[in-house]
Amino acid sequence: MNVTISIDGINIEVTDSTTILEAALQVGIKIPTLCFMKDLHKEGICRICLVEVAGRPALMPSCVLYATEGMKIITDSPVIRRVRKTTLELILSNHVKDCLNCERSTNCELQELANRFGVDSWRFDEQIENRTIDDTSYSIVRDSGKCILCRRCISACSEMQSVNSIGIISRGSHSMVTSGLDSLADSVCVNCGQCAAVCPVNAIYEKDEIGFVEKALSDPDKFVVVQTAPAIRAALGETQGLPPGTCVTGKMVSALKIMGFKAIFDTNFTADLTILEEGTELLQRLEKAIQFKDPSVKLPMFTSCSPGWVKFLEHNYPDYTDNLSTAKSPQQMMGTIIKTYYSEKKGIPPEKIVVVSIMPCTAKKFEARRPEMTSSGFQDVDFVLTTRQLGKMLDKRGVDFINLPDSSFDDPLGRSTGAADIFASSGGVMEAALRTVYELVTGRELPAEKLHVNGLMDIHGIREVSLTFENCLERYTWLNGVTAIVGAASGLGNARKVMEKIISGEKSYHFIEFMACPGGCISGGGQPRLTDDIVRMKRFNAIKKEDEGKKLRKSHENPSVMDLYTAYLGSPCSDKAHHLLHTHYTKRGLL
Amino acid sequence: MHYINPITIAKQCTCQNQTDIEKFEKLGEILSMYKDEPGSLINSLYVAQTIFGYLPDKVIKFVASRLNEPVIKVFGVATFYSYFSRFPRGKYTIKVCLGTACYVRGGKTLLEKVKKELGISIGETTPDGLYTLEIVRCVGACALAPVVVVNNDTHRRVKSNQIPEILQSYISEVSNEN
């Protein structure tokens, strides 16, 4: 139903499901907010967005106040300004105010509001109860002293991701956001970092490994190489003042050269490698199930690129760990290949090599430290930095990013196809796999316009596509007439929905791509803040453009990957490939 | 599903002398009745606390897994309500009222006296396991202010020099039992 309301004297007609905050935006007024986050969190907790409503004695929070006929709203008055300032002063009285030393200084929503509303002195005594810093996790650090109890992180963890690792305990002034009875490291936290990505202050953030990387870079005995994930190129620019959706691949490589990395490799290379390993594994599973009717084969097969998803499955669905592809993620494959193949090829002993990853992801920090990720004989990936952390390093090093010329990745682990670029977006791994598997099996190109499978790649929800194989090559005649049902889901809340449907038997698939973060790696927990749907879509389109702009767009066409097989690994899923590029999982359970 | 009254269950319970294994068995049996019933978490914790006397971490995890709820949610509820305790409690819980009426009529002095007599602070239990000290904000007996509630007994218009006598009466009760 439509209603007419007045905001600061301007009449506007809106539906009765519109909040005053949204209605005000339509007349050009941005009511200040702190706890509110579009599409995620709307609880009216912080009381910054208070407005006056004619006829009501108290101020009302506009983010949860819905329009009713004839409502008269005032969004700015001496009373409102005074109340907002007092509210900020009260929030700040429970906040550790070491802004000068704080990671989020100048990028902090609380600091920005305090400046805006002229908080110039501390009227209330500081009351910080039991400040605890939980740094047990390899990925996420939690500092209760900075927390303003806005609960955005809880919405991200429970509603968006359905992980339910953090929540509020106690009540009133003793309330605290914690991981409950266990530390973060021992909890069901999957390290996806969506909490850190939405925190308005510095109460949840990713582990800092910049110091270790800088130390390695200045150590003459170390050969420091770097790999960058597909999603970095579409987001790093945002840390340097470029608008979302600017692809900065070439500038990024130039910047990393300036910073002193000896070789700059592209995780895209191992994304192509992953497709060959994972695609071959899928065909092996399908052959066993369809041709040999082997009941022990686990289908559907799940992708294993997203370490947040992998740990989520290990905790919540431990009976399904055998459904995960045994192929390592591209990050881990790159680490292994650098410390074996590249090390031998260049004659640099692996103990001298330091592998640094730039990832859009906080869970990659945990993944790199999984005890099984040592198939090179060393920890395959030494340090993992998020996109945000690389941005910080660029600032510190003094790189004039925007004006840098483009450079290319180094050989031999820098070459990639368009299929690898789309790993960054939800549905992309599946599309890349279909491009290769279909062609391997039929000898023909995947019948899809611009090689994009209709309805597969998207930033939202759960998708399902079926593909029928006909006129297959001699080796694959058992696939003739088989319709493969594949799916893609991003955001662990969606992953849980798919899993429940698989368990109940409502749905059956052959192969599903799961990504922990909504929209895939483009909105990973380590990407520049804040990622809303508009930013997500811009990064998504940038990645798609990057793929479409490449001459080679199918993983099996990557000549460097083919060289690697010929010279070193033999064939996909060979014994050597299995030893180096595949892994196993842990049945963790919930407690 | 029919409503299961946790208080009835608790009254039937003779769990104090059971072993931990027996207690978990009993709790598991009751939780299976509550499973899938919306809004049964508080009831479940009530039963669990009746059986165990308090809510140790392993009991919180047990309730979570049996009700298929996240541990953090159960932990959040268990710490939200002052009724629930994560630590063992004394045989007698002394609640000194600090609601407005009791406060202005000397509740604060009574609290100091109890603290001094027992040598414990708010929320703590005496080493002999006899007394736990708590404060409450109004028990709805303002006409009798200031009040001190010990388990189910409400002591009215208490003066601070009566505190030792009140405490002593429960010690006598215990020694009579023995």
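Predicted model: local features only at pLDDT ≥ 70, side-chain atom pairs only at ≥ 80, totals over all residues.

Student: Fine. Which residues make a nonpolar surface patch of about 360 Å²?
Tutor: B:I42, B:F80, B:Y81 and B:Y83 make that patch.

Student: Where is B:I42 placed?
Tutor: B:I42 is in helix α3 of chain B, residues 41-52. Its relative accessible area is 39%, so B:I42 is partly exposed.

Student: What sits over the ring of B:F80?
Tutor: The charged end of A:R171, 4.3 Å from the ring centre.

Student: Switching to ring pairs. How many aromatic pairs are there over all chains?
Tutor: A search of the whole structure gives 19. Take A:Y341 and A:Y568: the ring centres are 5.3 Å apart and the planes stand at 55°, so this pair is tilted.

Student: Why tilted at 55°?
Tutor: Planes under 30 degrees apart count as stacked and over 60 as edge-to-face, with the rest tilted. The 55° of A:Y341 and A:Y568 therefore makes a tilted pair.

Student: Where do A:Y341 and A:Y568 lie in the chain?
Tutor: A:Y341 is in helix α11 (residues 330-346) and A:Y568 in helix α18 (residues 559-569), both of chain A. They are 227 residues apart, and the pair links distant parts of the chain.

Student: Is A:Y341 buried or exposed?
Tutor: Buried, and A:Y568 is buried too.

Student: What about B:Y92 and B:Y131?
Tutor: They form a tilted pair, 6.1 Å centre to centre with 40° between the planes. B:Y92 lies in strand β1 (residues 92-97) and B:Y131 in strand β2 (residues 131-136) of chain B, so the pair ties together parts 39 residues apart in sequence. Both B:Y92 and B:Y131 are buried.

Student: Which residues form one aromatic cluster?
Tutor: A:F302, A:W309, A:F312, A:Y317 and A:F514.

Student: Charges next. How many salt bridges are there over all chains?
Tutor: The count comes to 41. One of interest joins the side chains of A:D421 and A:R233, 3.6 Å from N to O. A:D421 is in helix α14 (residues 418-421) and A:R233 in the loop between β11 (223-228) and α7 (236-239) of chain A, so the bridge ties together parts 188 residues apart in sequence.

Student: Are A:D421 and A:R233 buried or exposed?
Tutor: Both are buried.

Student: What about A:R370?
Tutor: A:R370 bridges to A:E372, with the closest N and O atoms 3.0 Å apart. A:R370 has 6% relative accessibility, so it counts as buried. A:E372 is buried as well, with a relative accessible area of 18%.

Student: Now chain B. What does B:D57 meet in a salt bridge?
Tutor: B:R86, at 3.0 Å from N to O. B:D57 is in helix α4 (residues 57-67), while B:R86 is in the loop between α5 (71-80) and β1 of chain B, 29 residues apart.

Student: And how accessible is B:D57?
Tutor: B:D57 has 33% relative accessibility, so it counts as partly exposed. B:R86 is partly exposed too, with a relative accessible area of 27%.

Student: Last topic, domains. How is chain A divided?
Tutor: Domain 1 is 2-76 and domain 2 is 120-206. Domain 3 is 210-269 + 331-403, and domain 4 is 272-328 + 416-529 + 540-581. The C-alpha centres of domain 1 and domain 3 of chain A lie 45 Å apart.

Student: And what does the assignment give for chain B?
Tutor: Domain 1 (6-80) and domain 2 (92-177). The C-alpha centres of those chain B domains lie 28 Å apart.

Student: One more. Where does A:I534 lie?
Tutor: In helix α17 of chain A, residues 533-548. Its relative accessible area is 53%, so A:I534 is exposed.

Definitions and conventions. Residues numbered from 1 in each chain as written. Chains lettered and ligands numbered in written order. Heavy atoms only, no water. Phe/Tyr/Trp six-rings, centres within 6.5 Å; stacked < 30°, edge-to-face > 60°. Helix = DSSP H or I, 4+ residues; strand = E, 2+ residues; numbered from the N terminus. Buried < 20%, exposed > 50% of the residue type's maximum accessible area, 1.4 Å probe, protein only. Lys NZ or Arg CZ within 6 Å of the ring centre and 35° of its normal. Patch = residues over 30% accessible without salt bridge, like charges linked within 9 Å, V, L, I, M, F, W, Y side chains within 5 Å. Areas by Shrake-Rupley, 256 points an atom, 1.4 Å probe, with all protein chains shown as cover. Salt bridge = Lys/Arg side-chain N within 4 Å of Asp/Glu carboxyl O. Domains from an automatic or database assignment.
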